[in-house]
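Open the model in your viewer and keep the selection panel at hand. The stops below say what to pick and what to look for.

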Number of protein chains: 2
Amino acid sequence: MKRTQNISVAVDAIVFGYSKENGVSILLIKRKYAPFKGKWALPGGFVEEKESLEKAVERELKEETGIKIDYLEQLYTFGKPNRDPRNRTISVAYFGIVNASKFQKLQASTDASEAEWFNIKDLPALGFDHRQILSVAIERLRSKIKYEPIGFELLNQRFAFSELENLYSTLLDRPIDRRNFKKKVMKLGILEELDEKAPKSGAGRPGNLFQFNKNAYDRLLIDGMHFEI
Amino acid sequence: MKRTQNISVAVDAIVFGYSKENGVSILLIKRKYAPFKGKWALPGGFVEEKESLEKAVERELKEETGIKIDYLEQLYTFGKPNRDPRNRTISVAYFGIVNASKFQKLQASTDASEAEWFNIKDLPALGFDHRQILSVAIERLRSKIKYEPIGFELLNQRFAFSELENLYSTLLDRPIDRRNFKKKVMKLGILEELDEKAPKSGAGRPGNLFQFNKNAYDRLLIDGMHFEI
DNA sequence: TATATTTGTGTCAAATTAACGCAAAATAAA
DNA sequence: TTTATTTTGCGTTAATTTGACACAAATATA
């Protein structure tokens, strides 16, 4: 077969993080080179000859942000002919999540790096078609928490129940009934309640810590779950 | 930026069709050239320089099978380094549906062409990683009919209710209660019952024709629907 | 004409959901 | 120290939804 094609293949990563104080955030980098030099954009870059797409994402994330991802799945492939001003590039976008502890860590060391977290409600202008990619990712996150316990990936391994509640009501952008929510989540059987109390944060009765049971979750996925809140 | 990459970009199409007699089927072509010459494979091919990915799928489908699709959405991008024996190729796979009338039509003119419908339970050996792509597509179809009325795309515009019931029970591979199913579907408010009777086919009381109301469906999508059967 | 087949319309108990009440355990204010 | 205020844990109850069936009506077929 003759080679007449001249299309580049890139990957981009939309990485979500969460904390109660900063809300749902995504990781952006400040571009060092043209095009869009100095502008904010999604971390990503060109795929190397012998690496898989996933490896490419992980490599780029490490290079550009120093972060190692906790959850990664393919989001969508963007391929409009003129989305890159240089030459035609199709980008396979990946959807990633880091848990709360890593999210906090990067925040502390942000100054040195060119990577920064931005609350999804307060985003800067972005290069390329990254704004559009981001919209697709946010939509995916919103719908995903309704049928997969993906929300747990955003928290630490052990968390207070109110953090989970807070996360869901932030993502769904509406109040949720605390009592009914807890009943529903517990009935899924994927959370273990620990004896330990959560570290105190302000007023109120201290609650137990909870943790996510991965095995129970995998069993659930086989049957298929629906988790309408 | 230096061009060091040498990756080809292709699209593949998984096109579903349905009829009561032949069940859920997908469209395959017999390859005319190496690699996998003479083997069955998904329709598809390399993306041209200035066309979008969707246009590429539509073009390839027309060239290879003569069919025009009724529903098309991106499925997944497959990019393992050695999935094509020639040189590295990533393939953006698309998920398509044709409605029953077109499905029948191709069947009639199959002999001349190299395209053929295969029931998804009785598939031939496939070239490349197309078997894996197919699995992802079938999984998508199975899960999609549970939260989007995508099943209607597989039928004709006007259909007997039993055809819909039959489609769902075929796809879900289990019996469904006809009466409860009808109640649930009708409550979605996206079907209109016509005065006309369905053309008779065998014994039994003749039923009304139904048709899908696209406007009502779009309204429903905004709120989000769940359609657990 | 009797029988089998398919469609249309219900019924009803069980399970689930949504809305809310209230006491217990902590901090914050008086 | 006493009294709010806040947050958690554990309910109750009515309304709704689901799942399992019953049965009559309209047609083809034996």
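The tour goes through chain A and then chain B.

This is a predicted model, where local features need pLDDT of at least 70, side-chain atom pairs count only at pLDDT 80 or more, and totals for chains, interfaces and linings use all residues. Residues are numbered from 1 along each chain as its sequence is written, chains are lettered from A and ligands numbered from 1 in the order in which they are written, and side-chain values use heavy atoms, leaving out hydrogens and water.

**Stop 1: the domains of chain A**

Select 8-144 of chain A for domain 1, then 151-223 for domain 2. These bounds come from an automatic or database domain assignment. The domain centres, taken over C-alpha atoms, lie 27 Å apart.

**Stop 2: the interface between them**

Show contacts (heavy atoms within 4.5 Å). Domain 1 of chain A brings 15 residues, and domain 2 of chain A brings eleven. Together the two domains bury about 1,200 Å², with 63% of it on carbon and sulfur atoms. Buried area is the accessible area (1.4 Å probe) that two parts lose on being put together, summed over both.

Which side chains meet in a salt bridge? Pick Lys121(A) and Asp173(A): N to O is 3.3 Å. The rule asks for a side-chain nitrogen of Lys or Arg within 4 Å of a carboxyl oxygen of Asp or Glu. One salt bridge is found across this domain interface.

**Stop 3: a helix pair in chain B**

Select α5 (161-172) and α6 (178-188) of chain B. Helices are DSSP runs (H or I, at least four residues), numbered from the N terminus. Their axes are 11 Å apart, at an angle of about 105°. Axes are lines fitted to C-alpha atoms over the stretch in contact, and angles run from 0 to 180 degrees between N-to-C directions. α5(B) and α6(B) are therefore roughly perpendicular, a label for 65 to 115 degrees.

Now show the contact residues. α5(B) supplies Phe161(B), Leu164(B), Glu165(B) and Tyr168(B). From α6(B), pick Arg178(B), Phe181(B), Lys182(B), Val185(B) and Met186(B).

Technical notes. Helix = DSSP H or I, 4+ residues; strand = E, 2+ residues; numbered from the N terminus. Parallel < 35°, antiparallel > 145°, perpendicular 65-115°, else oblique.
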